Amino acid sequence: MKKIYTELQNHADEIKQSHLRDLFTEDPNRFNRFHVDWQEFLFDYSKNNITDKTMALLIRLAKESGLKQVIHDMFTGKRINTTENRPVLHIALRNRDNHPILVDGKDVMPEINTVLEKMHTFSDSVRNGKWLGATGQRITDVVNIGIGGSDLGPAMAVEALKHYKTDALNFHFVSNIDGTDMIENLKTCHPETTLFIISSKTFTTLETLTNATTARKWLVDSLGENAVSKHFVAVSTNKMAVSEFGINPDNMFVFWDFVGGRYSMWSAIGLSIMLAIGYDQFIELLTGAYEMDRHFQTAPFDKNMPVIMGLLSVWYSTYLKAEGYAVLPYDQYLKRLPAYLQQLDMESNGKSVKKDGTSVNYSTGAILFGEPGTNGQHSFYQLIHQGTHLIPADFIAPIHSLNEVGDHHTLLLANFVAQTEALMAGKTSEELRAEGVSENLIPFKTFSGNRPSTSILIDRITPKTLGSLIALYEHKVFVSGIIWGIDSFDQWGVELGKQLAKKVIPELSDKNKELRHDSSTNAIIQKIRNNQ
């Protein structure tokens with residue numbers, strides 16, 4: 001075992017004896033050492049269960065894990081996704097200085113730029129009304145059909161940037177194979193004015209193709225077969241399947257196997273985002289991510305926001321045994337951010353096998369959840385404040401609201417600030433007695449405090465700051481994965497259930513088909529058969 005692991009575990013036992021309230025009392029300059037000012041961001045991690053010794057040990061762990069070299073490898077096109085033998089180049093999609101990035105000696109940037117310009121031309125034509133449907137009417141509704149990263153990224157970003165969205169288009173996102181998702185989204189759409197974006201790399205994803213086929217029937221029943229090419233475009237690499245579906249291959253936007261689904265909103269998967277906010281604002285989104293990429297590449301580890309976040313993730317999961325992790329955006333536009341980050345974090349780092357094929361013997365990815373403030377304060381914050389679990393939390397808020405209404409934003413920010421202070425300091429029984437609280441209620445009103453949080457203050461939510469925020473979390477996940485020795489870029493765990501579902505489908509359709517599952521699965525299938 002590396003010496004650093006033992007030192008960190010011993011230090012974790014020490015830190016459990018410390019209380020954040022006392023650490024702040026003993027060190028009035030604690031904030032000065034444990035925060036980063038970067039562009040429009042204030043990143044304050046001083047309310048975490050750490051000391052100078054903690055950070056020194058964690059940074060040493062990062063260095064001994066070869067983090068600097070792997071960062072370099074990712075940005076230079078090395079095949080760091082080892083189980084799939086692929087490079088990891090979502091960072092190339094937002095490479096705004098356009099420097100060459102080589103994969104097997106070939107620069108990937110010219111093709112990326114070609115697709116970006118094709119998206120530009122198409123989105124402009126839809127937004128300005130030049131793209132017309134089969135009956136000569138302009139598009140009013142865009143329905144993105146995808147699943148996983150092909151849905152969560154665009155849906156989150158379009159919601160987050162709703163303030164910048166064109167009024168000429170309405171956006172709908174369909175991902176669930178449950179027919180209700182499609183039917184409810186189509187209730188306000190009209191075939192003559194609806195454009196469907198089918199997002200599937202292989203154009204074989206069961207959920208996406210099932211939904212796409214339903215959408216196609218809805219359109220064809222009203223406008224006929226010839227209308228498909230005027231109302232469907234694809235984001236895919238399978239030109240033959242796209243063409244067979246009836247989509248003009250000229251209206252297919254490609255992306256690449258070096259872009260994982262949960263990292264794909266920067267690619268043509270982000271077509272709906274560009275349609276919503278326009279090309280120039282989409283470039284701002286890419287620029288924000290690119291600038292965070294540069295910060296990640298160049299800042300020293302002790303001033304590097306993604307590195308610090310990734311190390312804190314390891315600290316809590318592996319050494320302080322925290323199983324949960326909350327992301328709490330105090331901005332209504334960011335209401336889909338926790339759902340997006342659930343996939344990013346848990347699909348990336350929910351692994352129990354290291355890159356060398358051996359099992360891990362420590363905790364890796366935490367269970368991520370969250371809701372926008374102040375809604376969450378009236379539900380699960382009880383667990384964070386007074387529950388038995390250690391749950392680190394990220395609080396995210398813009399200093400300026402995009403919708404100034406009375407004192408709403410002041411009240412929102414007051415809650416943002418107060419919650420982090422309350423989690424840190426708590427409230428003692430002595431304080432309660434001084435307030436005159438009756439003795440029998442003191443145990444119930446006592447707050448232990450010493451609950452960690454990180455505060456991320458952003459000047460305001462813009463395409464650029466959103467791009468930086470998402471890239472910050474992408475790199476945080478990457479850092480944690482490197483420290484844990486796992487491959488953050490594969491996702492074999494999503495496959496088994498999908499494979500078994502293909503076996504069950506004919507068994508549900510044919511009541512005479514013999515069932516060869518366990519007794520529980522057989523009984524469930526039989527119950528469905530009997531009641532269909």
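Predicted model: local features only at pLDDT ≥ 70, side-chain atom pairs only at ≥ 80, totals over all residues.
1. An α-helix has 3.6 residues a turn, so residues three or four places apart point the same way.

2. The length of H23 (residues 519–531) can be checked against expectation: at 1.5 Å a residue, its 13 residues should span 18 Å, and the end C-alpha atoms are 18 Å apart, which agrees. At the start of H23, a side-chain oxygen of Asp 518 comes to within 3.0 Å of the backbone nitrogen of Ser 520.

3. Elsewhere in the chain, five strands form an open sheet in the order E6-E5-E7-E8-E9, and their pairing is parallel. Strand E6 (170–174) and strand E9 (252–253) stand at the edges with a single partner strand each, so one side of each is left without a neighbour in the sheet.

4. Within this sheet, strand E7 (residues 194–199) pairs with strand E8 (residues 232–235) in the parallel sense over four bridges, and Phe 196 has Phe 232 in E8 as its bridge partner. Helix H10 (residues 206–223) lies across strands E5 (141–145), E6, E7 and E8, and runs at about 160° to E7.

5. Where is Thr 166 found, and which residues does it touch? Thr 166 is in the loop between helix H8 (149–160) and E6, and, leaving aside residues up to four places away in sequence, Thr 166 touches Arg 127, Leu 275 and Ala 276. With a relative accessible area of 16%, Thr 166 is buried, and a polar atom of its side chain lies 3.1 Å from the backbone nitrogen of Ala 168.

6. The side chain of Glu 430 makes a polar contact with the side chain of Ser 429, at 3.3 Å, and the C-alpha atoms of Glu 430 and Ile 442, which are 12 residues apart along the chain, are separated by 9.1 Å.

Note on methods
Residues numbered from 1 in each chain as written. Heavy atoms only, no water. Pairing = 2+ DSSP bridges. Helix = DSSP H or I, 4+ residues; strand = E, 2+ residues; numbered from the N terminus. Contact = heavy atoms within 4.5 Å. Axes fitted to C-alpha atoms, helices over the stretch in contact; angles between N-to-C directions. Expected span 1.5 Å × (residues − 1). Polar contact = N/O pair within 3.5 Å; in protein donor to acceptor, adjacent residues only side chain to side chain. Buried < 20%, exposed > 50% of the residue type's maximum accessible area, 1.4 Å probe, protein only.
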